[in-house]
Amino acid sequence: MRSNYLFTSESVSEGHPDKVSDQISDAIVDLMLAKDPEARVACETMTTTQRVVLSGEIRCKPMYDDNNEAWKFNSYWAPGARDEIEGAVRRTVKEIGYEQSGFHWETLTFENHLHGQSAEIAQGVDAGAEGSNKDEGAGDQGIMFGFACDETPDLMPATLDYSHKILQQLAADRKDGTAPFLEPDAKSQVTLRYENGQPVACTAVVVSTQHAKGYHEGDKEAELKAYVKTVVGGILPANFITDATVWHINPTGAFEIGGPDGDAGLTGRKIIVDTYGGASPHGGGAFSGKDPTKVDRSAAYITRYLAKNVVAAGLAKRCTIQIAYAIGVSEPLSLYVDTHGTCAEGVSDEALEDAIRSISSLGGLTPRGIRMHLGLNKPIYRQSAAYGHFGRIAEGDFFPWERTDLVDELKAIFA
């Protein structure tokens with residue numbers, strides 16, 4: 001590993017058009033899991049000027065059943081189900097804060113093109129009938145990565161952690177009236193200088209935020225820029241900002257037209273923002289809009305959980321974990337651990353792989369085992385769809401992959 005370098009990560013706000021799409025898709029996942037914990041959902045969302053379009057495949061018998069002749073007249077939707085979906089979409093947009101002429105929760109045009117799940121995919125994913133030896137299979141093939149490091153208390157890369165927190169503060173200030181000149185769309189980017197593998201200073205900050213009319217010139221522009229600098233100064237460690245730090249605040253000038261009105265949004269286009277800001281490999285699969293039988297989501301969560309527990313246990317300073325699956329097959333094809341030469345004395349990457357395999361509560365890292373261990377068959381996903389899926393606070397049913405409840409067991413294995 002290099003010891004001295006510059007590294008940059010970016011984040012986008014909940015009002016970014018791609019994040020609007022992610023949150024809508026996960027609102028649909030939550031709606032259907034609340035109706036049926038075994039629901040299957042693959043919901044894609046497109047947003048643009050005054051329009052939201054849903055597409056994808058579902059199986060949720062309380063809402064949609066293509067074997068129900070009584071519902072056939074309504075394209076197999078339960079009475080009122082399509083209205084519930086539209087209500088969830090509009091409510092999500094409203095909570096984000098869009099009440100603009102180019103994108104308004106109440107007046108936007110909505111289209112629902114969701115339909116039944118392919119029977120051929122279902123036969124590979126579903127567990128066999130009672131008495132069968134067939135376990136639930138993975139919802140797709142793929143490789144998934146988890147990562148943790150000791151750069152921040154959240155055990156996340158500092159560049160991404162700070163980028164997220166800057167935008168979270170902007171959103172909180174916008175919603176409580178502290179910064180009424182802010183609008184929902186925003187992006188941030190933080191560059192840090194690393195010495196001996198640890199962040200020591202901020203060399204550059206980029207913040208672009210949508211704003212009320214006129215806040216790109218004169219005293220109003222100065223007010224906005226001073227506000228942003230105050231927020232950033234409150235997020236980063238005090239000694240990170242210096243006279244040498246380069247600032248780019250709304251560098252293109254006016255940013256009054258934003259969100260889906262300024263640029264179309266799609267589910268799954270911010271996978272690096274969602275994960276580790278480029279500090280770790282990525283398998284390529286997005287999370288939002290997918291129920292937890294899709295290993296793109298659940299396996300990425302379990303690998304983060306495992307990597308975080310390894311670092312929290314003091315067994316390594318950095319940890320990357322990869323896991324791979326074949327569609328319809330329950331057992332993982334491979335498990336790979338890389339601690340980047342930061343293992344504690346008496347610990348090796350190979351030994352960590354063996355330790356993980358030995359933890360019975362993980363259920364052999366099968367899709368069902370992952371879902372049961374983390375409790376993923378619950379409506380918990382909308383909250384994860386903005387400001388990153390990782391480095392969040394595990395509270396109640398939410399963000400269970402951020403728990404560190406394997407620390408004692410891992411320590412005992414290597415005692």
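**Cysteines**

I looked up Cys319 and found it buried, at a relative accessible area of 0%. Buried here means under 20% relative accessible area, exposed means over 50%, and partly exposed lies in between (1.4 Å probe, protein chains only). Cys343 is partly exposed, at 26%. The model is predicted: local features need pLDDT of at least 70, side-chain atom pairs count only at pLDDT 80 or more, and totals for chains, interfaces and linings use all residues. Residues are numbered from 1 along each chain as its sequence is written, and side-chain values use heavy atoms, with hydrogens and water left out.

Next I checked for disulfides, each a pair of cysteine sulfur atoms within 2.5 Å. The count is zero. For Cys319, the closest cysteine sulfur is that of Cys343, 8.0 Å away, which is too far for a bond.

**Helix 8**

I took helices (H or I, at least four residues) and strands (E, at least two) as DSSP runs, numbered from the N terminus. Helix 8 covers residues 295-312. I compared its length with the expected span, 1.5 Å times one less than its number of residues. I then asked how enclosed helix 8 is: 17 of its 18 residues are buried, so the rest of the structure largely encloses it. After the helix comes Gly314, with a positive phi near 80 degrees.

**Cores**

A nonpolar core is a set of buried Ala, Val, Leu, Ile, Met, Phe, Trp, Tyr and Cys residues joined through side-chain atoms within 4.5 Å. The largest one has 78 residues, and Met32, Leu54, Ile85 and Trp401 touch the most other members. Helix 8 gives the most to this core, 10 residues. Another core lies apart from it, with 28 residues, among them Ala171, Leu192, Val228 and Val231.

I listed contacts (heavy atoms within 4.5 Å) for Trp401. Beyond four places in sequence, its partners include Tyr301, Arg304, Tyr305, Leu374 and Phe390.

**Strands**

I counted two strands as paired if DSSP finds at least two bridges between them. Strand 3 (residues 51-59) and strand 6 run parallel, joined by eight bridges. Val52 stands opposite Phe110 of strand 6.

I then turned to strand 8 (residues 182-195). Eight bridges join it to strand 1 (residues 5-12), and the two run antiparallel. Phe7 has Leu192 of strand 8 as its bridge partner. Strand 8 also pairs with strand 9, antiparallel, over 11 bridges. Their hairpin has two residues between the strands, and Asn196 there takes a positive phi near 55 degrees.

**His211**

Where does His211 lie? I found it in strand 9 (residues 198-211), as the bridge partner of Leu182. His211 counts as buried, at 1% relative accessibility. A polar atom of its side chain lies 2.9 Å from the backbone nitrogen of Phe255. Leaving aside neighbours within four places in sequence, His211 is in contact with residues including Phe181, Glu183, His216, Asn250 and Phe255.

Notes: Polar contact = N/O pair within 3.5 Å; in protein donor to acceptor, adjacent residues only side chain to side chain.
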